[in-house]
Amino acid sequence: MSTAIATATEIRSLIESRRDTLVQLMPEQAQQDRFLAALMTHVLPRPELHDKRLQPSLMVSLYHLAKLGLDPGVDAHLINRGGTVRCEIGYAGAVKLMMTYPGAKSVHVDLIYANEEYRIEHGRLVSHVNSLDVRARGPLVGASARLYLHDGTTIERIIDGDDIARARQAGGAAWKTSESEMVRKTALLR
């Protein structure tokens, strides 16, 4: 039994045939030409995404990225998981999504380590002393993601060790190489 693999030219034709739909899904602030260039750069050189059986899930993922205004390969990554292409939003994509919140001014994430001094009250990180000695910090036990608004208010989300463990279990290889970035992303997306 042979696997039907599409060539890069066939994948390019598939994407270009859906160009109008992709562009219509994009938020106004998204730069359409940049998105399409990033899409071609991220998909065409990756034969693991060329299997013709993946084309429906590939297109659903591309539509999803277009609707969110996220660039493939920059803000999010297309990953073949068990015969289905999924888009995994990265840290840059999470920040970009947070900044689309009405009135958003800036975003900040604090990582919380076991051996650092910190205090959480009423779901807010009220004090945190970072250790300069990375080895002395201990394991990551949480994070605080804050969205600062132009009107002076702040929206904050704290994640704990259980949230991190669940995200790690659901996540992929990036957790082994970029744990701190994955924790930041998880806090932002929550």
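Predicted model: local features only at pLDDT ≥ 70, side-chain atom pairs only at ≥ 80, totals over all residues.
Biologist: Nice. And which residues of α6 are buried?

Modeller: Helix α6 spans residues 161-170, and in it Asp163, Ile164 and Ala167 are buried. They sit on the same side of α6, because they cover an arc of only 100° around the axis.

Biologist: What about the other side of α6, which residues are exposed there?

Modeller: On that side you'll find Asp162 and Gln169 exposed.

Biologist: So what covers the buried residues of α6?

Modeller: The cover includes two strands, β6 (140-149) and β7 (154-160). It also includes the helices α7 (174-177) and α8 (179-189).

Biologist: Let's switch to the largest nonpolar core. Which residues touch the most other members?

Modeller: That core has 26 residues, and the ones touching the most other members are Ile15, Leu22, Phe35, Leu39, Leu62 and Leu78. Six elements are listed as giving two or more residues to this core: the helices α1 (8-17), α2 (19-25), α3 (32-43) and α4 (55-68), plus the strands β1 (76-81) and β2 (84-89).

Biologist: Pick Leu39 for me. What is it in contact with, leaving aside neighbours within four places in sequence?

Modeller: Leu39 is then in contact with Ile15, Leu22, Leu44, Leu62 and Pro72. There is also a second, separate core of 19 residues, and among them are Ala94, Ile159, Ala167 and Ala187. Ala167 is one of the buried residues of α6 we talked about.

Biologist: Good link! Now the lysines. Is Lys185 buried or exposed?

Modeller: Lys185, found in helix α8, is buried yet has no salt bridge. The nearest side chain of opposite charge is Glu88, 4.6 Å away.

Biologist: How about Lys67, buried or exposed?

Modeller: Lys67 is in helix α4. Its relative accessible area is 58%, over the 50% cut-off, so Lys67 counts as exposed.

Biologist: Where is Lys67 relative to Glu88?

Modeller: Their C-alpha atoms are separated by 14 Å, and the two are 21 residues apart along the chain. Leaving aside neighbours within four places in sequence, Lys67 is in contact with Leu25 and Pro27.

Technical notes:
Residues numbered from 1 in each chain as written. Heavy atoms only, no water. Buried < 20%, exposed > 50% of the residue type's maximum accessible area, 1.4 Å probe, protein only. Helix = DSSP H or I, 4+ residues; strand = E, 2+ residues; numbered from the N terminus. Arc of directions from axis to C-beta. Contact = heavy atoms within 4.5 Å. Core = buried A, V, L, I, M, F, W, Y, C linked by side-chain atoms within 4.5 Å. Lys, Arg positive; Asp, Glu negative; His and termini not counted. Salt bridge = Lys/Arg side-chain N within 4 Å of Asp/Glu carboxyl O.
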